[in-house]
Amino acid sequence: MQPLLSGKTAIITGASKGIGLATAQLFAGEGANVILTARKQSELDEAVKLIQASGGKAIGILADSADPQAPGKVFGKAIESFGQVDILVNNAGVGDMVSIEECSDEHFDTVMQVNYAGVFRFCREAVRHFMPRNEGVIVNVTSINGSLPLGGLAYTSTKAAVNAMSTNIAVRFAGTGIRCNAVAPGNTDTPMAQAWASGKLAGGSTMVQYVGKYSDQELAYTQPADQANAILYLASDMGKAVTGRVLVVDNGAYIGA
């Protein structure tokens, strides 16, 4: 059976750990050239080595998604290395549990730049690259908090906004060879989730009580590989008829959200 992404090139932001790394590993295993971005060089190097050791083609680019210059730099290097980009996975993001009364302008702006403005700029770079070929796929990793906002105000607002952005991009290119969707993870066994569970996310415990009140926290966490599988479905020809949708992957913990 031919690999699902044979000959494709994919940019995956925030790919040094968690869902991003699982996605990069899966994509490489399915034949894609993968470009990983992250903000820490040591973690990026380790992720690239892990993929290459398994026979995958991967390069790492140090990039902060909040940097307006990052999309141009990353796409430029990807095109220089592999000729073109076929898939963009916007996975980079920061989480928080800061409630409205505790949220400063500075904190709000910081989260917005990474989780929303950064996604916008990478999407814009992608569609400008895709349009001459009339072909390309964007998958934005959002959160169940985009439809059931139980976390911090800034975080949940950005996830809802990216869901809307994804649909808007899909509307713009419906009927063409360019698609855009989102995957909305529920509780997933990642470093961010571990920080949340231990009360180490910015904002502390104010919002934590509402998570248990409005969702089923007794169900098992999903694994990063579960989210990667959903992203692969939307990025590959398996999902060629799907655009403008938000796919929730949560083991049923937030049914009805």
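**Helix packing and selected loop residues**

Helix α1 (residues 18–29) and helix α2 (residues 41–53) have axes that come within 10 Å and cross at roughly 25°. The model is predicted, with local features needing pLDDT of at least 70 and side-chain atom pairs counting only at pLDDT 80 or more, while totals for chains, interfaces and linings use all residues. Residues are numbered from 1 along each chain as its sequence is written, and side-chain values use heavy atoms, leaving out hydrogens and water. Helices (H or I, at least four residues) and strands (E, at least two) are DSSP runs numbered from the N terminus. Axes are lines fitted to C-alpha atoms, for helices over the stretch in contact, and angles run from 0 to 180 degrees between N-to-C directions.

Two packed helices are described by the angle between their axes and the distance between the axes. At their crossing angle, α1 and α2 are roughly parallel to each other; angles under 35 degrees count as roughly parallel, over 145 as roughly antiparallel, 65 to 115 as roughly perpendicular and the rest as oblique. The crossing of α1 and α2 is right-handed, a term used if the near helix is turned clockwise from the far one by less than a right angle, with anticlockwise giving left-handed. From α1, the residues Leu21, Ala24, Gln25 and Ala28 meet Ala47, Leu50 and Ile51 of α2, contact meaning heavy atoms within 4.5 Å. The residues of this contact between α1 and α2 comprise six nonpolar, one polar and no charged. Here Ala, Val, Leu, Ile, Met, Phe, Trp, Tyr, Cys and Pro count as nonpolar, Asp, Glu, Lys and Arg as charged, and the others, Gly among them, as polar.

Turning to the next pair, the axes of helix α3 (residues 70–82) and helix α4 (residues 105–130) come within 9 Å and cross at roughly 40°. The two helices α3 and α4 are therefore oblique to each other, and α3 passes α4 in a right-handed crossing. On the α3 side the contact is made by Ala70, Pro71, Gly72, Val74, Phe75 and Ile79, and on the α4 side by Arg121, Phe122, Glu125, Ala126 and His129. Seven nonpolar, two polar and two charged residues make up the contact of α3 with α4.

Helix α4 also packs against helix α5 (residues 153–173), with axes that come within 9 Å and cross at roughly 15°. That angle is why α4 and α5 count as roughly parallel to each other; α4 passes α5 in a right-handed crossing. Among the α4 residues in this contact are His107, Phe108, Val111 and Met112, and those of α5 include Ala154, Tyr155, Ser157 and Thr158. The residues of the contact of α4 with α5 divide into 15 nonpolar, four polar and one charged.

Glutamine 113 is also found in helix α4. With a relative accessible area of 33%, glutamine 113 is partly exposed, where buried means under 20% relative accessible area, exposed over 50% and partly exposed in between (1.4 Å probe, protein chains only). Not counting residues up to four places away in sequence, glutamine 113 touches Ser65, Ala66, Gly118 and Arg121. Its C-alpha lies 8.1 Å from that of aspartate 67, although glutamine 113 and aspartate 67 are 46 residues apart in sequence. Serine 65, one of the residues touched by glutamine 113, lies in the loop between β3 (57–62) and α3. Serine 65 counts as buried, at 9% relative accessibility. Leaving aside neighbours within four places in sequence, serine 65 is in contact with Thr13, Ala92, Gln113, Val114, Gly118, Arg121 and Phe122.

Another buried residue is asparagine 187, with a relative accessible area of 14%, in the loop between β6 (178–185) and α6 (191–197). Beyond four places in sequence, asparagine 187 touches Gln217, Tyr221, Thr222 and Tyr254. The side chain of asparagine 187 makes a polar contact with the side chain of tyrosine 254 (2.9 Å). A polar contact is a pair of N or O atoms within 3.5 Å; within protein, one must be able to donate a hydrogen and the other to accept it, and residues adjacent in sequence count only if both atoms are side-chain atoms.

Serine 205, in the loop between α6 and α7 (208–214), counts as exposed at 56% relative accessibility. Asparagine 134, in the loop between α4 and β5 (136–141), has a positive phi, near 55°, in a residue other than glycine. Asparagine 251, in the segment after β7 (246–249), has a positive phi of about 60° although it is not a glycine.
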